[in-house]
Amino acid sequence: VNYHVVRMGEAYRDPDTDEILGYEAINLGHAKLVRLGDPATLILTKAYKEVLKGDYLIPEEVETVDMNFFPRAPERDVAGRIISVADGVAKIGQYNVVVINKGKDQGLEAGHVLEIHQAGDVVRDVYSRARVRLPEERAGYIMVFKPYEHVSFALVMEAFRELKVLDYVYSP
């Protein structure tokens, strides 16, 4: 039996409700069971990072991912946010993988395309001296490729400007 060796990463939190939607699984490597027993014996067959006491083993399953996506708009309106980016980079651009706070429970499926919007900057009005928020601006497009119950992984297909975590996503 083969296993993924993972460590629990950051919680995926909904930025609007603070609800925990899931946890990031940091892939540390692969292991193979060589002897059953208590304790069982495993051999690390591949390690990407140091494996520590308390890390988790998840049985490897043959996961079928349909690689034939048909880009399309979701059947119902979706409004969400980017809550994380793969590999922990701070700035997001074209072809980065992001996590959004919407999933199958909002009707998202592989191939659904969403617009990315950035919140407008807050500036000071030169006449009234009041602080004013500028309108949101369209900043790109993502396509969902792996939806889960409450979150989805999506690929940034096009970025008109530098994107960041907490940018908004909407049905086109």
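I take two strands as paired if DSSP finds at least two bridges between them. Strands are DSSP runs of E with at least two residues, helices are runs of H or I with at least four residues, and both are numbered from the N terminus.

**Entry 1: ground rules**

The model is predicted, so I note that local features need pLDDT of at least 70 and side-chain atom pairs count only at pLDDT 80 or more, while totals for chains, interfaces and linings use all residues. Residues are numbered from 1 along each chain as its sequence is written, and side-chain values use heavy atoms, with hydrogens and water left out.

**Entry 2: the whole chain**

I counted elements and found 12 strands and 0 helices in the chain. I then looked up the extent. The C-alpha atoms fill a box of roughly 75 × 35 × 25 Å along the principal axes. The radius of gyration, taken over C-alpha atoms, is 20 Å, whereas a compact globule of 172 residues would have one near 16 Å. The globule rule behind that figure is 2.2 Å times the number of residues to the power 0.38. Of the 172 residues in the chain, 32% are buried, where buried means under 20% relative accessible area, exposed over 50%, and partly exposed in between, with a 1.4 Å probe and protein chains only.

**Entry 3: the open sheet**

I traced an open sheet of 4 strands in the order S3-S2-S1-S4, with antiparallel pairing. Its edge strands are S3 (41–47) and S4 (56–59), and each pairs on one side only. Neighbouring strands of this sheet are turned by 50° against each other on average, direction ignored. For such angles, axes are lines fitted to C-alpha atoms, for helices over the stretch in contact, and the angles run from 0 to 180 degrees between N-to-C directions.

Inside the sheet I followed S1 (residues 2–13) and S2 (residues 20–35), which run antiparallel and are joined by 10 bridges. Alanine 11 stands opposite tyrosine 23 in S2.

**Entry 4: the barrel**

Which strands make up the closed barrel? I read 6 strands with antiparallel pairing, running S5-S6-S11-S10-S7-S12. Neighbouring strands here are turned by 45° against each other on average, direction ignored.

- S5 and S6 run antiparallel and are joined by 3 bridges; serine 84 has valine 99 as its bridge partner in S6.
- S6 and S11 are antiparallel with 4 bridges, and valine 97 has leucine 155 as its partner in S11.
- S10 pairs with S11 (residues 152–159) over 7 bridges in the antiparallel sense. Lysine 146 is bridged to phenylalanine 153 in S11. I also noted that S10 and S11 form a hairpin with 4 residues between them.
- S7 and S10 run antiparallel, with 6 bridges joining them.
- S7 (residues 113–118) and S12 (residues 168–170) run antiparallel and are joined by 3 bridges.

**Entry 5: two residues checked**

Is leucine 114 buried or exposed? I found leucine 114 in strand S7; it counts as buried because its relative accessibility is 0%. Leucine 114 and alanine 73 are 41 residues apart in sequence, with their C-alpha atoms 7.0 Å apart in space.

Phenylalanine 70 sits in the loop between S4 and S5. With a relative accessibility of 60%, phenylalanine 70 counts as exposed. From phenylalanine 70 to alanine 154 I read 84 residues in sequence and 14 Å in space, C-alpha to C-alpha.

**Entry 6: the largest pocket**

I searched on a 1 Å grid over the protein atoms alone, where a pocket is an open set of points with protein on both sides within 12 Å along at least five of seven lines, and lining residues have an atom within 4 Å of a point. The largest pocket has a volume of about 1000 Å³, that is, the space filled by probe spheres set on the points, with grid points joined across faces, edges and corners.

The lining holds 29 residues, and Ala25, Ile26, Asn27, Tyr148 and Phe153 lie nearest the centre of the pocket. At least two lining residues each come from S1, S2, S4, S5 (79–85), S6 (97–100) and S10 (137–147). Which strand gives the most to the lining? I noted S2, with 7 residues.

By class I read 17 nonpolar, 5 polar and 7 charged residues in the lining. Ala, Val, Leu, Ile, Met, Phe, Trp, Tyr, Cys and Pro count as nonpolar, Asp, Glu, Lys and Arg as charged, and the others, Gly among them, as polar.

Note on methods: 1 Å grid on protein atoms, 1.4 Å probe; cavity = no way out; pocket = protein on both sides within 12 Å on 5 of 7 lines; lining within 4 Å.
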